[in-house]
Amino acid sequence: MANSSIPIAARVAEGLEGTTAGLEDFVDDDSCTPEFFEALDTMVFCCAKCGWWYRQRANATPDGDEWICQECFK
């Protein structure tokens, strides 16, 4: 993973967490590298059911085809 992608992903993750914003609100096309997405996926996810962004620790289905937050999984 390219080291320059990690700080960008961390900044984007911080902005997305706790929102229903779109990724496009925080990054431009130049930032959207495979390394960026790999880093971002280790930090946050968008729940497939409610559409809110959460830290990965709230992921109830980390090995699933879709990631779902703990609240929606109940």
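Where is the place of Glu66?

**View 1. Glu66 in the loop between β2 and α3.** Glu66 sits in the loop that links β2 to α3 (70-73); helices (H or I, at least four residues) and strands (E, at least two) are DSSP runs, numbered from the N terminus. Glu66 is exposed, at a relative accessible area of 53% (exposed is over 50%, buried under 20%, partly exposed in between; 1.4 Å probe, protein chains only). Leaving aside residues up to four places away in sequence, Glu66 touches Ala48 and Thr61 (contact: heavy atoms within 4.5 Å). Between the C-alpha atoms of Glu66 and Glu35, which are 31 residues apart along the chain, the separation is 20 Å.

**View 2. Two sides of helix α2.** In α2 (residues 34-43), Phe36, Ala39, Leu40 and Met43 are buried. These residues lie on the same side of α2 because they cover an arc of only 100 degrees around the axis, the arc being that of the directions from the helix axis to the C-beta atoms. Pro34 and Thr42, on the other side of α2, are exposed. Cover for the buried residues of α2 includes α1 (5-16), β1 (44-46) and β2 (53-55).

**View 3. The elements in order.** Three helices and two strands form the secondary structure of the protein, in the order α-α-β-β-α from the N terminus. Of the 74 residues, 31% are buried.

**Notes to all views.** The model is predicted: local features need pLDDT of at least 70, side-chain atom pairs count only at pLDDT 80 or more, and totals for chains, interfaces and linings use all residues. Residues are numbered from 1 along each chain as its sequence is written, and side-chain values use heavy atoms, without hydrogens and water.
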